[in-house]
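Please look over the sequence and the structure shown below before reading on.

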There are 2 protein chains.
Amino acid sequence: MNKWKRSARIVDMTRQLIQHPHRLIPLSTFAERYDTAKSSISEDLTIIHEVMSTTGQGGLETLAGAAGGVRYIPGMDRKTAEEVMRSLCRELSNPDRILPGGFLYMSDLLGQPALLREIGQIWASVFAKEQVNAVVTVETKGIPLALAAAAHLGVPVAIVRQGNRVTEGSVVTVNTVSGSSRRIRTLSLSRRSLKEGSRVLIIDDFMKAGGTIRGMIDLLSEFQAEVVGAGVLVESAAQERLVENVVSLAKIKSIDEKQRTVDVQLGNLFEKGWEVG
Amino acid sequence: MNKWKRSARIVDMTRQLIQHPHRLIPLSTFAERYDTAKSSISEDLTIIHEVMSTTGQGGLETLAGAAGGVRYIPGMDRKTAEEVMRSLCRELSNPDRILPGGFLYMSDLLGQPALLREIGQIWASVFAKEQVNAVVTVETKGIPLALAAAAHLGVPVAIVRQGNRVTEGSVVTVNTVSGSSRRIRTLSLSRRSLKEGSRVLIIDDFMKAGGTIRGMIDLLSEFQAEVVGAGVLVESAAQERLVENVVSLAKIKSIDEKQRTVDVQLGNLFEKGWEVG
């Protein structure tokens, strides 16, 4: 392909921008790739931005100057986010999901790429302005959600392990007490998985009393990390909370094992005046 | 946006196709969304396909007829895949990655979204024709790779757990002996995480003797699943293998803890006459 027409350039630029969220791409990179004037590239980018923003997919951010360029900031408008989560709440309210002990089966949902992408887009919208450097989660079920958020924020994920693994090298460890079950757990994070002084977003699948997130916050303080946000897919009613300001996308109001009923509603994100960047 | 110009349509279609790999989208869906004749949509799709295929990103597949439509089949050409993996092999050959016991630190790489996307694209290319229904992996380090592959194949992931978790509901369990360490491990998979008779792709981060993959194959036979392929990011030299036909992207030739040298080369994928779909 020697001569790139506008329509062809637009396909290729849209693809590159979507695949590398938050990555700054110099206009000269595009100008050279397509052998086209920067002014034409700017016009292309205006079209891409307009479509992205009017379809509620976020938009492009252009930085002027020598170190400038363009980057894609993924987003999801509140209405779409509510639709995604209302549909998920209905799915979670299926009594077939009730497990012994009052747990709710969610693992299948955490393996669906299309749903994960949408949830990742919601997290990226909510925390877009926090200048997040890294997403941290704890194994196992938090991992798919953390990866989805990180992909849309364009930052790496560090996974806190339960116990201590030889394949993680030198680790920092904390012991934590689960707020709901009062069980002691060891959480460890590899020294080299997180740069000191990172601005961290904590993501997990489920929160009851918040003992795990409390443990992660303690662990992260050993890395001089600043926790700029925390989000869970589902929070459960709990009398006492060990952490504050955790954003939830869904909330379990009640699970009745005998009556076989579950009530899952939208989470606290939708109670607040959430504005998309 | 009432009137969609070609350039605007192309941005939106490219975005939708990329975000939903392997999902068949009827042409009428596009025609209605843009209030445009199907013939114009077909022309748009021709442009998108041409750019995708000439830039080594896979291409579009069009199915004619009433149940027809278009879908994006992600791909990566062999040359690009080799470049991605050569760069990763160099990174893995850094002696700072040597851990006590002859292990290699890889966790940081498994948390990088851009790299995971590229590796996912490679897996999707290699197994594009196997009509995969589900990707199966074992916790913990296989999860990011499995999710990346599944996202590009447009199929769900099921995660095999070590031990047995109350949040997984009814599970099938096998006991397996690690080929290298001779340790007994319990692998379990939730009954409802995988449909019976699925065509499964197994993905993991690391293989030595292959005991874990062997265990997964045994476990999957309880689900009447057909294992249509297995892939690992890195394989290590082992005298005896418990499984055959596992595709590796990289191969550890040697780790010398005393001399502090590591030799990582391209995996067996690149030895074969690998053809991209």
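Helices (H or I, at least four residues) and strands (E, at least two) are DSSP runs, numbered from the N terminus. This is a predicted model, in which local features need pLDDT of at least 70 and side-chain atom pairs count only at pLDDT 80 or more, while totals for chains, interfaces and linings use all residues. Side-chain values use heavy atoms, with hydrogens and water left out, residues are numbered from 1 along each chain as its sequence is written, and chains are lettered from A and ligands numbered from 1 in the order in which they are written.

**Helices of chain A**

- Helix H4 of chain A covers residues 78-92, and its 15 residues should span 21 Å at 1.5 Å a residue, which agrees with the 21 Å between its end C-alpha atoms; the expected span is 1.5 Å times one less than the number of residues.
- In H4(A), the residues A:Ala81, A:Val84, A:Met85, A:Leu88, A:Cys89 and A:Leu92 are buried, where buried means under 20% relative accessible area, exposed over 50% and partly exposed in between, with a 1.4 Å probe and protein chains only.
- An α-helix has 3.6 residues a turn, so residues three or four places apart point the same way.
- On the other side of H4(A), A:Lys79 and A:Arg90 are exposed.
- The buried residues of H4(A) pack against strand S4 (103-104), helix H5 (113-126), strand S10 (226-236), S11 and S12 of chain A, with contact meaning heavy atoms within 4.5 Å.
- Helix H1 of chain A (residues 6-19) has 14 residues that should span 20 Å, in agreement with the 20 Å between its end C-alpha atoms, and 13 of these 14 residues are buried.

**A strand pair in chain A**

- Strand S11 (residues 247-256) and strand S12 (residues 261-266) of chain A run antiparallel and are joined by 6 bridges; two strands pair if DSSP finds at least two bridges between them.
- Within this pair, A:Lys251 stands opposite A:Gln265 of S12(A).
- The two strands form a hairpin with 4 residues between them, and A:Arg260 in the turn has a positive phi of about 55°.

**Backbone features in loops**

- Most residues other than glycine have a negative phi, and most peptide bonds are trans.
- A:Asn245, which is not a glycine, has a positive phi of about 60°; A:Asn245 lies in the loop between S10 and S11 of chain A and counts as exposed at 68% relative accessibility.
- B:Gln131 has a positive phi near 50°, and this residue lies in the loop between helix H5 (113-126) and S5 of chain B, where B:Gln131 is exposed with a relative accessible area of 60%.
- In chain A, the peptide bond from A:Glu139 to A:Thr140 is cis, with omega near 5°, and A:Thr140 belongs to the loop between strand S5 (134-138) and helix H6 (142-153).
- In chain B, the peptide bond from B:Glu139 to B:Thr140 is cis, with omega near 10°.

**Charges over rings**

- The charged end of A:Arg192 sits over the ring of B:Tyr105, 4.8 Å from its centre; a charge sits over a ring if NZ of Lys or CZ of Arg is within 6 Å of the ring centre and within 35 degrees of the ring normal.
- In chain B, the charged end of B:Arg191 sits over the ring of B:Phe223, at 5.4 Å from the ring centre.
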